[in-house]
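Hi,

Here is the structure I said I would pass on to you. Have a look, and then read on for my notes.

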Amino acid sequence: MKAVALLKSVVVASMLSLGCVAGMAQAHYNSKVSIGGKAGVTMSKMSFTPSTKQKMVMGKMAGISVKYWEERNFGLIVELNYEQRGWAEDFKEYPFSFERRLDYIQLPLLTNIFFGGRHVNGFFNLGPEFGYMIGSSYKANFDVHNIANIPDFPTDRVTEQMTLEPTKKFDYGISAGAGIEFIIKRRHRINLEGRYYFGIGNIFPDDRKDTFSASRGMLIMITLGYTYRIK
């Protein structure tokens, strides 16, 4: 699959980047390390095949991070995040609503490229993410297990995603983000980032006999973070 091949390429690139950083550290650049935390909002939906009518749903996120970098414009970031994901069905003019919430613990491994001066930096982040679903819930204003007997329920749509329970807990995908960082007295940093996540793992069974051949998450995340340089 093309998506899996892309993820492998990103992982290989991240490992090569780690080797480059280690090589530079053994040369003559001074290494630096910071720790910090972040919080923000998520906007997510799913990529289903066959496709369904849906819209983005908002959630929350919070996490911690460790960043390693050199004197040049390159570093690595490891994060551990709690993220709320999911999707909302789009019924348009019909008076129905359905929303599923998926809770994840995520581990991003990111290459960090930054540029700027002593007080303000711009940056780009790119790398793979691995996660595990720790919870799933839904809310609806109708009985999802009795759709056939609901008057005026639209018939031109896939409905299995509303009754199926996610059985595939492990997740993996690719993240890319950009942002701005403010440096205060050298050791304190405040950053604002926008990030996009494209999931590759499915949440529903995907054998030939199953309804969905793809059920992957997509996420936009806006975060505000603080880091403290410890080295």
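This is a predicted model: local features need pLDDT of at least 70, side-chain atom pairs count only at pLDDT 80 or more; totals for chains, interfaces and linings use all residues.

Computed along the sequence is not the whole story here: 28 residues separate tyrosine 172 from isoleucine 200, yet their C-alpha atoms are 5.8 Å apart in space.

Next, the strand pairing around β1. Strand β1 covers residues 32–49 and runs antiparallel to strand β3 (residues 57–69), with 13 bridges between them. Within this pair, methionine 43 faces methionine 58 of β3. Strand β1 also runs antiparallel to strand β9 (residues 214–229), and here 16 bridges join the two. Serine 44 has leucine 219 in β9 as its bridge partner.

The largest pocket holds about 400 Å³ of space. Its lining is made up of 19 residues, and those closest to the centre are Lys32, Gly117, Arg118, Ile183 and Arg189. Two or more lining residues come from each of β3, β5 (98–116) and β7 (170–184). Strand β5 contributes the most, with three residues. Sorted by class, the lining has nine charged, five polar and five nonpolar residues.

Best wishes

Note on methods: Residues are numbered from 1 along each chain as its sequence is written. Side-chain values use heavy atoms; hydrogens and water are left out. Two strands pair if DSSP finds at least two bridges between them. Helices (H or I, at least four residues) and strands (E, at least two) are DSSP runs, numbered from the N terminus. On a 1 Å grid over the protein atoms alone, a cavity is a set of points where a 1.4 Å probe fits but cannot get out, and a pocket is an open set with protein on both sides within 12 Å along at least five of seven lines; lining residues have an atom within 4 Å of a point. Grid points are joined across faces, edges and corners, and a volume is the space filled by probe spheres set on the points. Ala, Val, Leu, Ile, Met, Phe, Trp, Tyr, Cys and Pro count as nonpolar, Asp, Glu, Lys and Arg as charged, and the others, Gly among them, as polar.
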